[in-house]
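Please read this briefing alongside the sequence and the structure.

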Amino acid sequence: MRGGAAAAVPGSGVKVEWSIDWTQYEPLEYGVSRPLREVPRSEAKASYERWRSSIPERLDMLDALVVRNGGRSLESGDESVQSLNDWFALFVEAAPAVPGSLLAPWYSVVTDISTFLGQLIIERNPWLKWQFCDWGGRRHVYYHQPVLVGFRTIQDPRFCVGVSQRIAGYSHRM
């Protein structure tokens with residue numbers, strides 16, 4: 001699968017065409033056919049467990065995709081995070097037929113970037129951890145999603161952050 005896009009080279013006014021080399025990148029398989037908030041808890045939990053067990057593989061796959069397409073290898077330093085952001089901003093592609101949406105493979109990349117950033121947040125704040133959000137019902141913005149929990153300064157024990165939703169929102173503004 002190859003994607004292509006065009007962008008202006010900063011400061012030059014020149015448009016450049018490029019393609020993403022998707023070789024060896026396998027989109028994340030959620031194992032569900034509907035949005036997670038719509039599936040029974042047992043299916044959503046199984047999807048979460050598949051995702052959790054695949055974290056090392058997903059991060060390796062993301063690293064290989066970024067490096068294969070001109071980015072820097074993923075590391076825990078701030079420069080690496082900025083480099084990943086720059087790479088993502090340069091290559092992410094909107095779906096032309098569906099305004100406000102990304103081309104399909106980019107949703108998996110968003111999840112992989114979110115996983116990388118979530119793992120980095122946990123590395124820097126070891127009291128935090130991933131958890132399956134099964135509280136609040138379908139109205140909860142992160143229902144049936146992986147979230148970070150364990151924030152020390154927040155009194156609400158159910159306070160959580162859904163990294164993937166934040167990165168997805170960011171990608172739609174690009």
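**A histidine and the packing of helices**

Histidine 144 is buried, because its relative accessible area is 2% (buried means under 20%, exposed over 50% and partly exposed in between, with a 1.4 Å probe and protein chains only). The model is predicted, so local features need pLDDT of at least 70 and side-chain atom pairs count only at pLDDT 80 or more, while totals for chains, interfaces and linings use all residues. Residues are numbered from 1 along each chain as its sequence is written, and side-chain values use heavy atoms, with hydrogens and water left out.

**Surroundings of histidine 144**

- Histidine 144 belongs to the loop between strand S3 (129-132) and strand S4 (146-149); strands (E, at least two residues) and helices (H or I, at least four) are DSSP runs numbered from the N terminus.
- Its side chain forms a polar contact with the side chain of tyrosine 143 at 3.3 Å.
- A polar contact is a pair of N or O atoms within 3.5 Å; within protein, one must be able to donate a hydrogen and the other to accept it, and residues adjacent in sequence count only if both atoms are side-chain atoms.
- Apart from neighbours within four places in sequence, histidine 144 is in contact (heavy atoms within 4.5 Å) with Leu36, Arg37, Val39, Pro40, Arg41, Ala44, Phe132 and Cys133.

**Helices H3 and H4**

- Helix H3 (residues 78-91) packs against helix H4 (residues 104-124) at an angle of about 165°, and their axes are 12 Å apart.
- Axes are lines fitted to C-alpha atoms, for helices over the stretch in contact, and angles run from 0 to 180 degrees between N-to-C directions.
- H3 and H4 are therefore roughly antiparallel to each other (over 145 degrees; under 35 is roughly parallel, 65 to 115 roughly perpendicular and the rest oblique).
- From H3, the contact includes Trp87 and Phe88, and from H4 it includes Ile113 and Phe116.
- By class, this contact of H3 with H4 has 12 nonpolar, no polar and 2 charged residues (Ala, Val, Leu, Ile, Met, Phe, Trp, Tyr, Cys and Pro are nonpolar, Asp, Glu, Lys and Arg charged, and the others, Gly among them, polar).

**Helices H2 and H4**

- Helix H2 (residues 55-68) and H4 pack at about 110°, with axes 9 Å apart.
- That makes H2 roughly perpendicular to H4.

**Glycine 169**

- Glycine 169 is part of helix H5 (residues 163-172).
- With 27% relative accessibility, glycine 169 counts as partly exposed.
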